[in-house]
Every structure is written in structure tokens, then in C-alpha cells.
Amino acid sequence: MQTGRNEIDDMIVHEKMQVALEYQNEAWADGVADGIEPEIIADAAFALAMRETIRIHGENGAEAMLEALRERMLAGEFSPERIIQ
């Protein structure tokens, strides 16, 4: 029974992530349309994300998240050339 509940929880988290990414894409497009350079939008997004992460998880939690992101980056997860099959 617990396995089924975990799978449902994972599906809910995945769906929320997809919706959150859609919101981020819309905000990014609005910023670019208003003449804000992508580098500035990216810096602002990182700054806000780090402030919220530190608020929620503290500095040690934020550091752990950054290390996990670093590993994902080095694995190519965020590369624009990456092809997902």
C-alpha cells in the first residue's frame, strides 16, 4: 500500500514541477518581451531561489541543494543540446 502512495506522491510532485516550470517560462518570456536581458533575468531568478531556499532550509540545506544542482549540471541535465528520449 505504501508503494502505491509513494508513486502517487511522486506523480503529484512531478505535475507541480511541470506547472511551476510553465510559470517560470511565462515570466521569463514576459521579461524578455519587456527588454530585460536573459542574463539579468537568470541572475534575479537565482537570487530569489536562493533566498527562498535559505529561508526554508537554512544555509546548510541551500548548500546541499547547490551541490546536487552542480552534479546534475555536470551530468548534462540542463544542457540545451541534451536530447530527452
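R55 is exposed, with a relative accessible area of 58%, where exposed means over 50%, buried under 20%, and partly exposed in between, using a 1.4 Å probe and protein chains only. The model is a predicted one, in which local features need pLDDT of at least 70 and side-chain atom pairs count only at pLDDT 80 or more, while totals for chains, interfaces and linings use all residues. Residues are numbered from 1 along each chain as its sequence is written, and side-chain values use heavy atoms, with hydrogens and water left out.

The chain contains two helices and zero strands, both kinds of element being DSSP runs numbered from the N terminus (H or I of at least four residues for helices, E of at least two for strands). Its radius of gyration is 16 Å, well over the 12 Å that the globule rule gives for 85 residues, so the chain is more spread out than a compact globule; the radius is taken over C-alpha atoms, and the rule is 2.2 Å times the number of residues to the power 0.38. Along the principal axes, the C-alpha atoms fill a box of roughly 50 × 35 × 25 Å. Buried residues make up 5% of the 85 residues.

Because R55 and E52 are three residues apart in helix α2, about one helical turn separates them. E52 is partly exposed, at a relative accessible area of 34%. The structure holds two salt bridges, and R72 and E77 also meet in one, at 2.7 Å from N to O. R72 counts as partly exposed at 36% relative accessibility, and E77 is partly exposed as well, at 32%.

The surface also carries patches, which are made of residues with over 30% relative accessible area and no salt bridge, like charges being joined within 9 Å and nonpolar side chains (Val, Leu, Ile, Met, Phe, Trp, Tyr) within 5 Å. A negative patch is formed by E15, E22, E26, D30 and D34, with Asp and Glu counting as negative, Lys and Arg as positive, and His and the chain ends not counted. E15 lies in helix α1, residues 2-33, and is partly exposed at 48%. A nonpolar patch consists of M73, L74 and F78, of which M73 has its place in helix α2, residues 38-74.

Notes: Accessible areas come from the Shrake-Rupley method with a 1.4 Å probe; for residues, only the protein chains shown count as cover. A salt bridge is a side-chain nitrogen of Lys or Arg within 4 Å of a carboxyl oxygen of Asp or Glu. The place of a charge is taken as NZ of Lys, CZ of Arg, CG of Asp or CD of Glu.
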